[in-house]
Amino acid sequence: MDIGVPYRRLGPVDIEPALELLRSLTEQDWNTNRIRQELMAASPHRDTTRAIMLKYNWLPYQKPWGMRTMRELVEAWCRQEKVPTEDLLPEIEAETDQGHVNVFPQWARFRDVIGPLVDQATSYLNAPRGIATRVAIVEMVPNGKIAPHVDGQAHAAAAHRLHIPLIAPPGAEYKVDGKKFKMQPGFAYDFNNRKQHSVRNKSPRPRVNILIDFLPNPGAPMQTALPPKFG
C-alpha cells in the first residue's frame, strides 16, 4: 500500500517467543512448503529468500494458473514434485474482495507464537474490521540482494505490507523511493511496497522477518463459481 512515506515504524512488539521458535526450526521446516518461492514470489525475491508460508490470499482464476482455488494449485504442484499433500493443502479461512485467505497446515504449529505478533503489529493500524491476508516467516540469505521493483498487483494497493524483523544484521539495509533505512528488531514497520524498493543484506548472517499483509477494509467476497470469461 502507498502509505505516503517510504515507511513507518509503528511501535514495539514482543519478539522473544518468536526468537525461541526460530531457534528450533530445522531445514525441513524451511523446505517443506516451497510454493511461495517456486510459484508465488516475484522474480527479485526467488534466489535470495526462502519462507515458511502460513497464510496467503488467492484471487480465483488469476494468471498464469487459471485455477479457482489455491488448493487446486497446491495439489497440481504436489503431483509435479511427487510430494505428499498432507502437510501442504490449505484451507480457506476467509473470503474478501481480494480473494480467499488460505491457511496452511503449518499455521497450527506457529499460531500461538506468530498470532499474537500479528495482532500486536496490526493493532497500530486502528482497523478493527481488517484481516491479515498473508503471513510468512521470510529469511534472506547472507550477502543477498533484492533488486529494485514495485509490487504492482491490486492486492498490494489495498493491503498494508508490515515487517517484523527478528534477526537484523547490521548489513541489512532497505531502500524505498530513494530513502535508505534499517529495521530494528522488536518493532513493527509499515512498508511502502507501491514505491520502488530494494533490499541488501551485506552481512554473513541471514536476515529474518515476519511478513504480514493486512487488508484494513475488506470488501464483499468475489463471485467465483465460474471463470471471468463465463461470468
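The largest cavity of this predicted model is lined by Ala-18, Leu-21, Leu-22, Leu-25, Ile-114, Ile-137 and Leu-166. A cavity is defined on a 1 Å grid over the protein atoms alone as a set of points where a 1.4 Å probe fits but cannot get out, and lining residues have an atom within 4 Å of a point. About 30 Å³ of space lies in the largest cavity, where a volume is the space filled by probe spheres set on the points, and grid points are joined across faces, edges and corners. The structure holds one cavity of 30 Å³ or more. By class, the lining of this cavity comprises seven nonpolar, no polar and no charged residues; Ala, Val, Leu, Ile, Met, Phe, Trp, Tyr, Cys and Pro count as nonpolar, Asp, Glu, Lys and Arg as charged, and the others, Gly among them, as polar. Helix α1 contributes the most to the lining, with three residues.

Residues are numbered from 1 along each chain as its sequence is written. Local features need pLDDT of at least 70 and side-chain atom pairs count only at pLDDT 80 or more, while totals for chains, interfaces and linings use all residues, and side-chain values use heavy atoms, with hydrogens and water left out.

Helix α1 (residues 16-24) also packs against helix α6 (residues 106-123): the two axes come within 9 Å and cross at roughly 145 degrees. Axes are lines fitted to C-alpha atoms, for helices over the stretch in contact, and angles run from 0 to 180 degrees between N-to-C directions. The contact (heavy atoms within 4.5 Å) involves Pro-17, Ala-18, Leu-21 and Ser-24 of α1 together with Arg-109, Phe-110, Val-113, Ile-114 and Leu-117 of α6. Seven nonpolar, one polar and one charged residues make up this contact.

The second largest pocket has a volume of about 190 Å³. A pocket is an open set of points with protein on both sides within 12 Å along at least five of seven lines. Its lining consists of 15 residues, of which Pro-148, Lys-175, Ser-198, Val-199 and Arg-200 lie nearest the centre of the pocket. Strands β6 (145-149), β8 (172-176) and β11 (197-201) are the elements that give two or more residues to this lining. Its residues divide into five nonpolar, four polar and six charged.

In the loop between β2 (49-58) and α5 (70-81) lies Pro-64, which is joined to Lys-63 by a cis peptide bond with omega of about 5 degrees. Tyr-61 is placed in the loop between β2 and α5 and has a positive phi near 65 degrees, although Tyr-61 is not a glycine. Asn-126, in the loop between α6 and β5 (131-140), has a positive phi of about 50 degrees and is likewise not a glycine.

Overall, the chain has seven helices and 12 strands, which are DSSP runs (helices H or I, at least four residues; strands E, at least two) numbered from the N terminus. The radius of gyration is 17 Å, close to the 17 Å given by the globule rule for 231 residues, so the chain is as compact as a globular protein of that length. This radius is taken over C-alpha atoms, and the globule rule is 2.2 Å times the number of residues to the power 0.38.
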